[in-house]
Amino acid sequence: MSRERRALWLVAGVFAAWLVAAPAAAQTFSATEDTFVSSDFPGDNFGAFSFAEVGVRDFPKDDVTRALLAFDLSGFADVPIESATLQLFITNTSSDPLGLAIAVATLASSFDENTVTWTTQPAVLPAPTAMGTMNTLPGDVFEIDVTALVEAQRLLHPDSVLLRIAATDETTDETRFFQFRTKESEAGVGAQLVIRLGAAAAPLLSSWQLALAAAALLIIAMIRLVGPRSARSS
Amino acid sequence: MRIGRREAIKLLGAAAAALTGAGPLGRGVARALGGATLGVRSVQPGDAEALRAIMSSCVSDDYSFFGPCGEWPLSWAQEFIERRPDSAVVARDGVAIGFFEIPPMKPAPASQPAAASAAEVAKLALREDNRTTFRVTAAGIRADLLSHEDAVTMFHTVLYHGFRAAQGLGYAQAEGWSPWGRHPWMARKWTDYPGCELCEPVAPNLEGGRNVYVMRWRLDDAIAALAGEAQFDVA
């Protein structure tokens, strides 16, 4: 086999391996609704606030806050997913590290962030639930795997994902809460849902896979041009 | 009995109502309260009964914003003293006549690395802003023992010394959640006072109750403004 052919096979092999090993495409969805409700202000709406709060304040004792999120997945209703990760940019915590056990659950019905209150908050479905511990410091991004919730939710509402974040123990005698940025913040970006699409959903070649393919073809062309001349010179 | 933040806000409301007769900024008159000796100190275990009495006197159904007020048990005051030991007290002849909640402060973070990136600097600044800001949920004066004019002056005195005590601990800002931007009795809105600003849009109450106003005081400016208000002499 000529050197030219060996180079061609080598480039093609590397490219094929890279295609197989390439991760599935990820799509980031920003929350279309993000707010919180407070047991201490049961009739008040906080939809215009630049933050949402989750947790419990021990003193006075009976203040519980829960965050409500909605994501619009229209256009991806039939797309299989590999994973879904909820990302929250933390802006405040009652202590560092917080160590707050939280549960993310799916909502049984939609809500309007400009009208929802503690009194009118939607019920949650009993399962599935994503459990985690919030230890992220302000200024960093907290992540939690919500794949099971997104898959379950899409059976009910194919175009949307509706989530509630709450402390797992809302009767605790300790102050533990955190706040995260909402889309009403100066940054203009609140909670995000990063969904890794399944193979069937991912485009056959991404834009930079195509760019790499073009580069490979260019290399091959150069080998064809330069190779024989090099051979002659030797 | 469970006591909620709204009750504490009622208390703040009652205290704020005492500002009705507040004079213009810059008056700065200090005077004695009768022949009594006033002092400022941190809250002590022996203050429980006095704090309970302050809460009971400040918060009545007349000043209720979220329905009838509850009672303030001694256990509440004891818990307050245990959990908020840095809170400031203005005492008359040793007995608390006003108090101002100051929560424990987060410990200072490790020093910033010399070669921190801009993003790292912003992150650390956010954490420092969090650490040096506290939320006031309880404060009050013994309104039933004071004339209206004295209640106004006492409120200024408690607020001034509470802010100063918080500043002494390292706090730079105080946050309060109030059911109004300007109490019907008050001459000015909260935000008309130097150093006080609304830091979130007003949260509307959709059930006919009170809206929520989230305000933040910059302690430097607020202390300077209160120094110009009428106050009692404090030893």
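Visitor: What are the ground rules for the numbering and the model?
Guide: Residues count from 1 along each chain as its sequence is written, and chains are lettered from A, with ligands numbered from 1, in the order in which they are written. The model is predicted: local features need pLDDT of at least 70, side-chain atom pairs count only at pLDDT 80 or more, and totals for chains, interfaces and linings use all residues.

Visitor: What is the mean pLDDT of chain A?
Guide: The mean is 85, and 76% of the residues of chain A reach 70 or more. pLDDT is the predictor's confidence in each residue, from 0 to 100.

Visitor: Where in chain A is it below 50?
Guide: Over residues 230-234 of chain A. Beyond near neighbours in sequence, that stretch has 0 contacts in the model. A contact means two C-beta atoms, placed from the backbone, within 7 Å.

Visitor: On to chain B. How many helices and strands?
Guide: Chain B has 6 helices and 10 strands. These are DSSP runs numbered from the N terminus: helices are H or I with at least four residues, strands are E with at least two.

Visitor: What share of chain B is buried?
Guide: 41% of its 235 residues. Buried takes 20 or more other C-beta atoms within 10 Å of the residue's own, exposed takes 12 or fewer, and partly exposed lies in between; C-beta atoms are placed from the backbone.

Visitor: What is the strand order in the open sheet of chain B?
Guide: The order is β2-β3-β4-β6, 4 strands with antiparallel pairing. Strands pair if DSSP finds at least two bridges between them. The edges are β2 (38-42) and β6 (139-141) of chain B, each pairing on one side only. Neighbouring strands are turned by 30° against each other on average, direction ignored.

Visitor: Which helix packs on that sheet?
Guide: α5(B) does, touching β2, β3, β4 and β6 of chain B. Its direction makes about 65° with that of β4(B). Axes are lines fitted to C-alpha atoms, for helices over the stretch in contact, and angles run from 0 to 180 degrees between N-to-C directions.

Visitor: How many bridges join β3 and β4 there?
Guide: 5 bridges join β3 (residues 88-92) to β4 (residues 95-100) of chain B. Ala88(B) stands opposite Phe100(B).

Visitor: What sits in the loop between β3 and β4 of chain B?
Guide: Asp93(B) is found there. Asp93(B) has a positive phi of about 50° although it is not a glycine. With 10 other C-beta atoms within 10 Å, Asp93(B) is exposed.

Visitor: Back to α5(B). At what angle does it pack with α6(B)?
Guide: About 150°, with the axes of α5 (residues 148-169) and α6 (residues 219-227) of chain B 10 Å apart. By class, their contact has 9 nonpolar, 2 polar and 1 charged residues. Ala, Val, Leu, Ile, Met, Phe, Trp, Tyr, Cys and Pro count as nonpolar, Asp, Glu, Lys and Arg as charged, and the others, Gly among them, as polar.

Visitor: Which residues meet in that contact?
Guide: From α5(B), they include His156(B), Leu159(B) and Phe163(B). Among those in α6(B) are Leu219(B), Ile223(B) and Leu226(B).

Visitor: Now chain A. Why is β2(A) largely enclosed?
Guide: Because 7 of the 7 residues of β2 (residues 51-57) of chain A are buried. Phe51(A), Glu53(A), Gly55(A) and Arg57(A) cover one side, and Ala52(A), Val54(A) and Val56(A) the other.

Visitor: Why two sides?
Guide: In a regular strand the side chains alternate between the two faces of the sheet.

Visitor: Which strands does β2(A) pair with?
Guide: Antiparallel β9 (residues 176-181) of chain A, over 6 bridges, is one of them. With β3 (residues 63-72) of chain A, β2(A) has 3 bridges, also antiparallel. Val56(A) has Arg176(A) as its bridge partner in β9(A) and stands opposite Val64(A) in β3(A).

Visitor: Val104(A): buried or exposed?
Guide: Buried, with 23 C-beta neighbours inside 10 Å. Val104(A) is in β5 (residues 100-107) of chain A. Its contacts beyond four places in sequence include Leu86(A), Ile144(A) and Leu163(A).

Visitor: Which peptide bonds are cis?
Guide: Asp96(A) to Pro97(A) is cis, with omega near -10°. Ala127(A) to Pro128(A) is cis too, with omega near -5°. Pro128(A) lies in β6 (residues 124-134) of chain A.

Visitor: Last one. How many residues does the contact take from each chain?
Guide: 25 residues from chain A and 26 residues from chain B. The chain A side has 8 nonpolar, 10 polar and 7 charged residues.
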